[in-house]
Amino acid sequence: MTGTVYKSTGSWYQVKADDGRFYQCRIKGKFRIKDIKSTNPVAVGDRVEFKLEDTLEEDQNGVITGIKERDNYIIRKSVNLSKQTHIIASNIDQAFLLITLNNPTTFTTFIDRFLITAEAYHIKAILLFNKIDTLKGEELDEVKYLAAMYREIGYQCIGISAKTGKNIEQVKELMKDKTSMISGHSGTGKSTLVNAIEPKLDLKTTEISEQHRQGQHTTTFAEMFDLDLGARIIDTPGIKGFGVVDIEKEELGDYFPEFFARKQDCKFYNCLHLEEPKCAVKEALEAGKIPWSRYKSYLQILKGEDEQNYRFDNHQPE
């Protein structure tokens, strides 16, 4: 039988078979897919082959016997286990990153790492600035500045309020007939957004922790849901950091669209945009045509530095 993985708990996988029925499945032995050393060999969104176990029980369980080739996937480095990776989801049409200015704060380093990974794996990324109903004055101006910055690069940005419903219809329109993933820090409102899009799902949500000013991990495992509007949505656990995986130094600049557009004007074809003479990227940076926050993200990843150590407001040059 063949089906699609809708939920992964690490040991059991909920698979929706092609006949529309759901089966609880497990895996036997070790799966190795194209040398991906991942903490989760089977991910939500995977198309799998499975067989039912011989049992007299009414609810039959299955065993996954194979994984079909993935069209794409979003992968991140495990923050505490640097040599391990975690596949967040596979076979997705687009990824929405939920961003909040505060409660919790989403820093540009995190946004950039997410966008780079989406670029590398050919997944359209859309930025959703949530909780805009709570912003006034300078805070609202800052969100407008960030959205304008990323729009200039070429990313679609939408200001939303999952709580009040502002611009949710616009998000639903983008999701029609597609498989979408929602990602972001804990507390940014991912489950609240899913509930706003499909109220009958009634996903559990929690308030921001007053003590730590960050979200609680409401969603423990990635899970996919069918939507009435003819789409599928993957709700993912909140993630603290986004470690970039398997991108060569020489390729990194290609996943910054504004760098890639100027690459041909650099004096050296293999320019890393560091100290090389006549670097078009550095010239654009000095001229204010490339944001300093983007260049700082580039340097951090190039040097292999941990995003967790660079959580500050870096919109402006030092």
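This is a predicted model: local features need pLDDT of at least 70, side-chain atom pairs count only at pLDDT 80 or more; totals for chains, interfaces and linings use all residues.

Where is Arg-70 found?

Modeller: Arg-70 is found in the loop between β5 (61-67) and β6 (73-77). Helices (H or I, at least four residues) and strands (E, at least two) are DSSP runs numbered from the N terminus. Numbering runs from 1 along each chain as its sequence is written, and side-chain values use heavy atoms, without hydrogens and water.

Although a loop residue, Arg-70 counts as buried because its relative accessible area is 12% (buried is under 20%, exposed over 50%, partly exposed in between; 1.4 Å probe, protein chains only). The side chain of Arg-70 has two partners to report. One is Asp-46, whose side chain is joined to that of Arg-70 by a polar contact of 2.7 Å (N or O atoms within 3.5 Å, one able to donate a hydrogen and the other to accept it; residues adjacent in sequence count only if both atoms are side-chain atoms). The other is Tyr-73: Arg-70 lies over the face of this residue, 5.8 Å from the ring centre (NZ of Lys or CZ of Arg within 6 Å of the centre and within 35 degrees of the ring normal).

The C-alpha atoms of Phe-114 and Val-244 are separated by 8.1 Å, although the two residues are 130 apart along the chain.

Beyond four places in sequence, the contacts (heavy atoms within 4.5 Å) of Phe-129 include Ile-99, Val-143, Leu-146, Ala-147 and Ile-160.

Between α7 and α8, Pro-291 lies in the loop. Pro-291 is buried, because its relative accessible area is 16%. Leaving aside neighbours within four places, Pro-291 is in contact with Met-149 and Leu-285. Met-149 is 142 residues away along the chain, yet the two C-alpha atoms are separated by 7.5 Å.

The aromatic residues can be taken next. The structure holds eight aromatic pairs (rings of Phe, Tyr and Trp, its six-membered ring, with centres within 6.5 Å; planes under 30 degrees apart are stacked, over 60 edge-to-face, the rest tilted). In one of them, Tyr-23 and Phe-50 are tilted, at 5.6 Å centre to centre and 50° between the planes. Tyr-23 is in strand β3 (residues 22-27) and Phe-50 in strand β4 (residues 47-52), so the pair links distant parts of the chain, 27 residues apart. Both residues are buried. Phe-256 and Phe-259 form a stacked pair, with 4.8 Å between centres and 20° between planes. Relative accessible areas of 0% for Phe-256 and 1% for Phe-259 make them buried as well. With Tyr-295 and Tyr-298 they form one aromatic cluster.

Helix α4 (residues 190-197) is mostly covered, with six of its eight residues buried, among them Leu-193, Val-194 and Ile-197. The cover of these buried residues includes β8, β9, α3 (168-175), β11 (179-183), β12 (223-227) and β13 (231-235).

For the chain as a whole, the secondary structure comes to eight helices and 13 strands. Of the 318 residues, 49% are buried. Among contacts between residues at least 6 apart in sequence, 64% join residues at least 24 apart. The average pLDDT is 84, and 82% of the residues score at least 70. Residues 206-219 stay under 50, with 28 contacts in the model beyond four places in sequence. Residues 309-318 are also below 50, and this stretch has 27 contacts beyond near neighbours in sequence.

Technical notes:
pLDDT is the predictor's confidence in each residue, from 0 to 100.
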